[in-house]
Amino acid sequence: WWKKIGRLRYDRMRVLCDGFLPLGDDWTIAATQGYECPESPWWEPGMQTNFAAAVARLDTTLALATRSRPNTRILLMIHYPPRWDAARTPTAFESVLARYPVELVVYGHIHADDLRFAHNGTLDVAGRAIRFENASADRVLFKPLQILHLEVASMTF
């Protein structure tokens with residue numbers, strides 16, 4: 001996550017920062033940065049303002065994606081994990097996820113020994129199954145990770 005998104009402008013690349021795009025006919029991909037949450041081992045009280053803003057950005061991003069593509073499932077790309085402790089749910093991020101058709105969450109920000117906090121697989125979020133995948137470089141050993149298979153004739157961005 002860069003402070004100036006202009007550094008990421010390349011000819012055939014679209015940067016999703018608090019935005020969304022169609023992903024085939026049945027899916028929408030949405031992206032936001034997220035932030036440390038109170039469940040994180042590194043939480044400090046001074047983080048509350050940034051955390052609240054990140055929860056609001058997630059809600060806005062998912063609301064716009066759902067309104068624009070109402071009959072599709074959402075794959076959410078979020079830098080910070082929306083859950084740190086498997087036993088504590090719902091987190092504020094998950095409370096937002098539960099209100100939208102999010103079926104898959106891909107996140108990173110977990111490296112080295114902290115991989116013990118990573119959650120992969122389907123988790124219950126407010127009575128709904130959502131699949132979580134930690135795609136951090138340390139977990140996937142810098143190799144591509146297939147997270148979804150789409151049958152589409154063509155996709156344009």
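Residues are numbered from 1 along each chain as its sequence is written. Because the model is predicted, local features need pLDDT of at least 70 and side-chain atom pairs count only at pLDDT 80 or more.

Six strands form an open sheet in the order 1-2-3-4-6-5, with mixed pairing; strands are DSSP runs of E with at least two residues, numbered from the N terminus, and two of them pair if DSSP finds at least two bridges between them. At the edges lie strand 1 (19-23) and strand 5 (121-125), each of which pairs on one side only. Within the sheet, strand 2 (residues 27-32) and strand 3 (residues 73-78) pair in the parallel sense over six bridges, and here A30 stands opposite L76.

The structure also holds six salt bridges, a term for a side-chain nitrogen of Lys or Arg within 4 Å of a carboxyl oxygen of Asp or Glu. In one of them the side chains of D18 and R57 meet at 3.8 Å, N to O. Since D18 lies in the segment before strand 1 and R57 in helix 1, the pair ties together parts that are 39 residues apart in sequence; a helix is a DSSP run of H or I with at least four residues.

Another salt bridge joins E133 and R139 at 3.4 Å, N to O. E133 counts as buried at 12% relative accessibility, whereas R139, at 32%, is partly exposed (buried means under 20% relative accessible area, exposed over 50%, partly exposed in between, with a 1.4 Å probe and protein chains only). Salt bridges that share partners join R131, E133 and R139 into one network.

Technical notes
Side-chain values use heavy atoms; hydrogens and water are left out.
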